[in-house]
Amino acid sequence: MHGLINRSIQCFIRDNYGQSAWSRTADLAGVDRAGFEAMQFYPDGVTLDLLDAAGQVLDRAVPDLFEDIGTYLVSHPNTDSLRRLLRFGGASFEDFLYSLEDLPFRAKLAVPDLALPAFSLKARGNGEFDIDLECLFPEGQRLLVGLLRSIADDYGSFALVSCHGDSVHVSLLQTDFAPAHQFDLVRIE
Amino acid sequence: MTLTGIGVLNSTALGHLMPMHVICNAVGEIGSWGPSFPKLFPDTVLDGFPLLDLVEIRRPPGAASADDLADCVGQSLRLRGLAGSHCDFKGVVVKLEGSSGYLLNLSPYGDLARAVQRHCLTIADFAPTDHVPEMLYVMEAKVLVHDEIKRMNGRLDAAKRSAEEQALTDTLTGLGNLRAMERCFDELERGCIPFAIIQLDLDRFKQVNDRFGHAVGDELLQRVADVLVRSVRAEDLIIRSGGDEFTIVIRSTGILRLVASVAQRIVDRLCEPFAMSVGSVTIGASAGVAMAGVSLANSPTAIRECADAVLYRAKSSGGGTVIVAGFE
């Protein structure tokens, strides 16, 4: 598993629950409290242990944690870099949805050895979309649910996002429901 | 605009294909433009304005007037925006059939970030086929990844230095260990640096250890280490080479008399009592001194052996003394 994944989980715990919650999770999972290097690889088992430990320490079911992590990746100030990279995918939320199939390729453009699962998008018409993705973890689709809900919000759109079996369903109810979170092509320092 | 046999492109269609294009007549006066072109020159009234007063063709060189545009047709152009733009563009110019004018299409080039910021360009200002937004994405991601790698290298460096330091340190006293001594000896030989060695031995340390226990013994060794550190300069090296044995390397010195007096000062201090938790403790010390170039030997190891030999004689004569090799 790419270190970026483990590091995201680590930062999610630290930023949402505090340093001490992270320390307890690291101890329980048997990983160094110093955490993970974003640019290195770790055995897949480490991520599984980390998620299980987080579930125990934070008293949350792992699928619920996935959804929280998805939300965190877009909406927390510390993850603004990632939010920006995702916003490059489309000028509107609908464009973004269509660009999901490009996400594994775009991720590789950014980090050549980062392999994301393949996405397949089916537009049903009327703002209804179904997204299929192969997940390494059971109910891993919940991460996409949190992420899409958060990014719809970022675009100023109103969308309902939910899991249906292994698929993620999106109902785009209103494109410009609220002002979008600022996105400039070039980051303003 | 007519495409032979295909149809007509109106200005809306042209705007989708080339948001940053501009059309001028045969003498270079601007007649029409794409929706994003005015963003490049917001303070200029474009209609009728001379195009080559707005953009300068840098490559190919020598294209200064509208007459030269014909020679540039179809080539890959490099242009610079004038009139407040000062940004670089790539472009291509084509001749318009029938009207003898020209169409120039532009896209930012080089410092894309600067051009995008200067002209407040958004995704909508680029044709759906234009890869500038993807370039900006890749450039931004590259910086993030590069910064993370730099930070990681910093952490790895710090960890490496810390591990190296630990590997060379005697845990109890913080002095150097035998590995550090070997490293120092290599350095002295490679650099042909003059040096002297003091071999030091504590006289009655074992008795203290036996009488008062290891905790007191350990504390005593730390106090001895303090004395040694205070007695030499920063560039000298103190090694704990045995349980109660120390090797001191005095660097870059050729004055044996000075080294001998350092050794004497150390021995004198170590012969004084130490105030410890268990009361006053006296141990004493003996030292042997040898210097490169004075003794017959030359390598650091050989000098150390010399110093050791005279240390043995100092101990045998009752302790509390310093003997200098070559001056016995």
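**Notebook: a sheet in chain B, then the A/B interface**

I started with strand β14 (residues 285-291) of chain B and found three bridges joining β14 to β15(B), the two running parallel. I then picked out one partner pair: B:Gly288 is bridged to B:Ile323 in β15(B). A reminder to myself: this is a predicted model.

Next I looked up the whole sheet. It is open and has five strands, in the order β10-β11-β9-β14-β15 (chain B), with mixed pairing. I noted that β10 (237-240) and β15 (322-324) of chain B each have a single partner strand, so one side of each has no neighbour in the sheet. On average, neighbouring strands here are turned by 15° against each other, direction ignored.

What lies across part of this sheet? I found helix α6 (residues 178-191) of chain B across β9 (195-202), β10 and β11 (245-251), at about 25° to β11(B).

Then I moved to the interface. I see 20 residues of chain B in contact with 20 residues of chain A. The two chains bury about 1800 Å² between them, 71% of it on carbon and sulfur atoms. B:Ile123, B:Tyr137 and B:Glu140 supply 37% of the area that chain B buries against chain A, more than any other three residues.

I looked up charges too: the count between chain B and chain A is four salt bridges. One of them pairs A:Arg106 with B:Glu134, with the closest N and O atoms 3.9 Å apart.

Which helix gives chain B the largest share of its side touching chain A? I found that α5(B) does, with 13 residues. By type, I sorted that side into 14 nonpolar, two polar and four charged residues.

How values were computed
Residues are numbered from 1 along each chain as its sequence is written. Chains are lettered from A and ligands numbered from 1 in the order in which they are written. This is a predicted model: local features need pLDDT of at least 70, side-chain atom pairs count only at pLDDT 80 or more; totals for chains, interfaces and linings use all residues. Side-chain values use heavy atoms; hydrogens and water are left out. Contact means heavy atoms within 4.5 Å. Buried area is the accessible area (1.4 Å probe) that two parts lose on being put together, summed over both. A salt bridge is a side-chain nitrogen of Lys or Arg within 4 Å of a carboxyl oxygen of Asp or Glu. Helices (H or I, at least four residues) and strands (E, at least two) are DSSP runs, numbered from the N terminus. Ala, Val, Leu, Ile, Met, Phe, Trp, Tyr, Cys and Pro count as nonpolar, Asp, Glu, Lys and Arg as charged, and the others, Gly among them, as polar. Two strands pair if DSSP finds at least two bridges between them. Axes are lines fitted to C-alpha atoms, for helices over the stretch in contact, and angles run from 0 to 180 degrees between N-to-C directions.
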